Amino acid sequence: MGVPLPAHRRGTAVNEWGEVNNPLKHLQQLLDYWKQDENTSPNFSAWRTTPPRAAQTHPFPTDLPVPLREALSTRGIDRLYSHQLSAWNNARAGKNIILATSTASGKTLAYNLPVLAVMLQNPEARALYLFPTKALAQDQLSVISKQLSVLRTLMTDNLSLVTGIYDGDTSQSARSSIRRNARIVLSNPDMLHTGILPHHSNWSDFFSNLKFIVIDEAHTYRGVFGSHVANVIRRLKRVAEFYGAHPQFILASATIGNPKQLAENLIEEQVELIDNDGSSRGERHFIIYNPPVTDHSLGLRKSSLLESVRLATDLLNHNIQSVVFARTRRSVEIILTYLQEDKKEERRKNASGDLFPLSSFIRGYRSGYLPYQRREIEQGLRDGSVKTVVATNALELGIDIGGLGAAILVGYPGTIASARQQSGRAGRGDDPAVSVLVASPNPLDQFLAHHPEYFFGSSPEQALLNPNHLLILLEHLRCAMFELPFQKGDGFGSISDELLDEYLEFLVANQDAHFSDEKYFWMKDQYPAANISLRSASPQSIVLQSVTEDGRPWTVGTVDGESAAWMVHPGAIYMHEGQQYFVQEFNLEHQLAQLVPVGLDYYTEAQRSSEIEVLSQQDQAAVPGGEKCYGEIQVTTQVVGFKKIRWFTYENLGEEPLDMPPSELQTTGYWLSLSEETVSHLRDAGNWSNDPNNYGPDWQRIRDRVRARDSYQCQVCGAVESGRQHEVHHKIPFRTFFRSPKSPDLGDAKSGDFALQHANRMENLTTLCPTCHKKVEQNVRIRSGLAGLGFVLGNLAPLFLMCDPRDLGIHTDPVWKPANNMPSVVLYDHVPAGIGFSQKLFEIHDELIQRAFELVNACECEDGCPSCVGPGGENGIGGKVEALEILKQLQ
C-alpha cells in the first residue's frame, strides 16, 4: 500500500466477539506481565526494542496517469513512500529493478503502478506475474482486482484489463479464455515450466506483447529451487525473443544480503536496487527466549515446543492475534493439538453471537492442506475469526493476513533473513508488535541464545544459486530444445558458446537430440518438463486418502514423495488440522496412502539408517589431528523402523521394524578423518570409546546359552532365527562397566575381570534380531566422542554456510572404509549433485572446528546434552569429555 490514514483517523475497531480492539493496550499489558512473571522473565536472554519509524513520503509523480492518481485517492492514498517513487522513476526509465524493503512496506503497489500505467497507455500490452506459491498468487489476484475495479469506475472508455490465474488449480474450461484475453497473468515457476513454455504456440499473442515480468518474493529463489528457476527464466526470455518481445523485469524481495546480485543472477541482466524503505513502522519488540534448564547435570531444558504453547496461550488470553511458526509439519500439528486441547472447554461468541469452543479459533497452516482449507484460514486471519494460527514457513511469504500482533518462532528458522521475514508477519503500519524466538536445545539455537549480538548484529544471509549446475542445466536444455530448436550459435544465458555446443553434442550422443541443417532438434516423444521437478528430487506427490462416516472416499491432503517414507509409512500417525490418522496402507507404486481417523495417546517418529560411498575425491588436505577431504559421494538411506512417543510425557512406548525401499542420493560431501596418531593419543588418555568391545574368552559359550534360554527368538518382535543367528544384547551397555559407574552396585569399574563378570551375567543379556538390536542400541548407547563431534559440527555448520539445517546430512563412522577404516565425520549436501555447501565446509574447516570447541567448552552440562554434543541414549552415557579432547587435537 501507499501512505494509509494515520492511526487517530482510523477509529476504534470492534472484533467479532464484540470486544474493542486496542492493540497497544493489550500488548503492553502482556509485555508487563511477562516482565514480572517468575516463570517467564528469567528466561529472556535478549530483548531488543526498535522505536517507531515515521514514513518518508513524496507527492505523486507528475507523469502518473490521471486514472491511477484518482484510483489511489479513492483508497485514501495521496502520497507515495520514497521507495515506491524510486521504483516508479526507474521503471518508467526502462530499467529492471528489484525492491528490497521490509515486510508490509507496500512493494505490491510499487510494482503494480508502472505495470498498470503501461496497460492504460497500450491496450495490447501484457504482463506476467510470478509467485513462488499458488496461495500467494490467489492473494495478489484479489489485491489487483480491487485496484482494477476502482480504475474501471473512473475510466470513461471501455477499459479491458482482464486478469487471471493460470496454475494447476485453473479449470480446463477457463484456460483457453485466459490465454486469449488476460492482460495480466498470475502464475508460478512450476506452471510456467510445465504448462506455459512447452505450449508457447498457444500463447503467441501474449508473448508477442509481453512488456513486464514481475517476480515477487525473489529471495525464495535460492539453492536448488533458485537454480532451476533461473533456467526457467532463460527459457522464458528465449521464447519471448522468438515472438519479438523484450520484457522489462520488476522483482520484489524480503531483506537479504545480496538482493541486486540475486536478481542479476536470476534474470542475467543489469538490475537497479531500490532499498530506501520509506514505510512507517510501529514499535517492535524482538525477544530471544531460552527455556529454563530442568536438569543441570544433563543440560536438559524445558521443551521449546511446550514453552511456545504456553506463550501462545498468553497471547490468546490477552486477545492478541498471533502466528506460531514451527520448523516442521509434524511440529505444527503437535503444537496445534496442545493449544486446541487446552482451550476446548472455553467458549466465546463468534460474529453471529453463537457460542463456540475457543479451540475453533485456533488453526494450522502448512503444505499438505487443501487449497480451500488454506483460503478459509487466510480469510479468518484477515477478518479476525482466527485468533491463533500455527504454521510452517508457508505463511512466511507475503500473503495478506492482516495485521497480527505477535509472532512466535519455535526454534531458529535457519537463516537470519528467514527469522526477520517471519517476525515481520507481526505488526502492520503503526501498530506495535512483538516477536519471540524460542530457542530449541539445538546447538545453533543455543549459540544464538548465548551470543545474541551475533543474531542482531549480523547482516541477512546471501541468497545463492547456481544456474550452471550441470544436472540442472542439462535438464533445462532438454526442455528449451523441446520448446524451440537450437540454431548453431544460439546462446542460453551466460553459458559460453563452446560449452553450450559441448552440452548440445552430448544430448545428440545421448539420442535426446538430432543435429540437422545447423540446428539441434528434440527427437524424443516424451515431454521433458513433465519429469523435472523444480523443488524436489521426487516430482510425484503421495495422495492421502480416508473415508467419510458414510463410506465415501475423501482426500485428506498430500505429501511430497521425498517425505512420504518417513511421514506416512505403514503404522505412522499422520496429523492434519489436529486430527490424528493411522496409516493403514502405503502404496508407493500407486502414490496413495490409506488413512483411518483415530484418537491415540501417542505419535510416531521414523528411524532412518544410511550408508555412504565415495565416488571421487576432488580435494584433500592435512589438518591438525587428521585430514579433510571433499568429493562426490553416494548416500543410501532407508527408513528401518519407528518409535511410538506418548503425548506430553515423551515416553517411548515401543518400537516397530519397517522394511521400506531404500533411496539413493548422489551428491557432494566434506569429510574429516582422524589420524592414527590422534586415535592412539586419545586411547592412551582413556578418551576413546570407539574400539570394538572385547567380551572375554567365554563370550561365545555365554552367547549360545542366552540364545537357547530365549528359545532362539527375538525378545522384542518375536522373530525366530532363520539362517542367521540372532544378536545377544547387553541391557546395561557393556562399556558402562568399564567407565565411571552409573550406580554404586557395579563395584570397581577399573577391575577388568570383575566388570566383565557383571557385564556378562545372564540377567543383563537378551536375544534380539538384527533389526531390533540396531534400534535398541540407539536407545541405550554410550555416545562416543566421535558421535558428539558429528553432532556439534552438523548443527553448527548451517550458521556459517547460511543455509537451512535440513540442507545438510550428517554421518559418523568409527571405521569408515572409504577413509582406510579411520574414524570419520561426513557432512553432505542434501540435494542431488550438491549445491556447493560441502566445498564451502572444506574451505572454512578451521573456523568451524574453533567455533565447535568454544560451544562445547562453554556448555554447562556435565557429560553431553542437546545443546552441545548431544545426549547419550536413554539409559546411556554422553561423550562430552571425549568430544572436547578430539576438538583439542583438531586445532
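Modeller: Happy to! Let's take strand E22: five bridges join strand E21 (residues 406-410) to E22, and the two run parallel. Strands here are DSSP runs of E with at least two residues, helices are runs of H or I with at least four, and both are numbered from the N terminus; two strands pair if DSSP finds at least two bridges between them. This is a predicted model, in which local features need pLDDT of at least 70 and side-chain atom pairs count only at pLDDT 80 or more, while totals for chains, interfaces and linings use all residues. Residues are numbered from 1 along each chain as its sequence is written, and side-chain values use heavy atoms, leaving out hydrogens and water.

E22 itself covers residues 433-438, and six of its six residues are buried, meaning under 20% relative accessible area with a 1.4 Å probe, protein chains only. In a regular strand, side chains alternate between the two faces of the sheet. In E22, Ala-433, Ser-435 and Leu-437 point one way and Val-434, Val-436 and Val-438 the other, and all are buried.

Now to the packing further out. The largest nonpolar core has 70 residues, and Ile-288, Tyr-412, Phe-455, Leu-672, Leu-789, Leu-793 and Leu-841 touch the most other members. Such a core is a set of buried Ala, Val, Leu, Ile, Met, Phe, Trp, Tyr and Cys residues joined through side-chain atoms within 4.5 Å. Helix H24 (residues 785-801) gives the most to this core, with nine residues. Leaving aside neighbours within four places in sequence, Leu-793 is in contact with Leu-672, Val-825, Leu-827, Leu-848, Ile-849 and Ala-852; contact means heavy atoms within 4.5 Å. Apart from this core lies another, of 42 residues, among them Phe-206, Phe-207, Ala-263 and Leu-266. In soluble globular proteins, nonpolar side chains tend to be buried together.

For contrast, here is an open sheet: three strands in the order E23-E25-E24, with antiparallel pairing. Strands E23 (486-487) and E24 (513-516) stand at the edges with a single partner strand each, so one side of each is left without a neighbour in the sheet. Two bridges join E23 to strand E25 (residues 519-522), and Gln-487 stands opposite Lys-519 in E25.

Notes
Buried means under 20% relative accessible area, exposed over 50%, partly exposed in between (1.4 Å probe, protein chains only).
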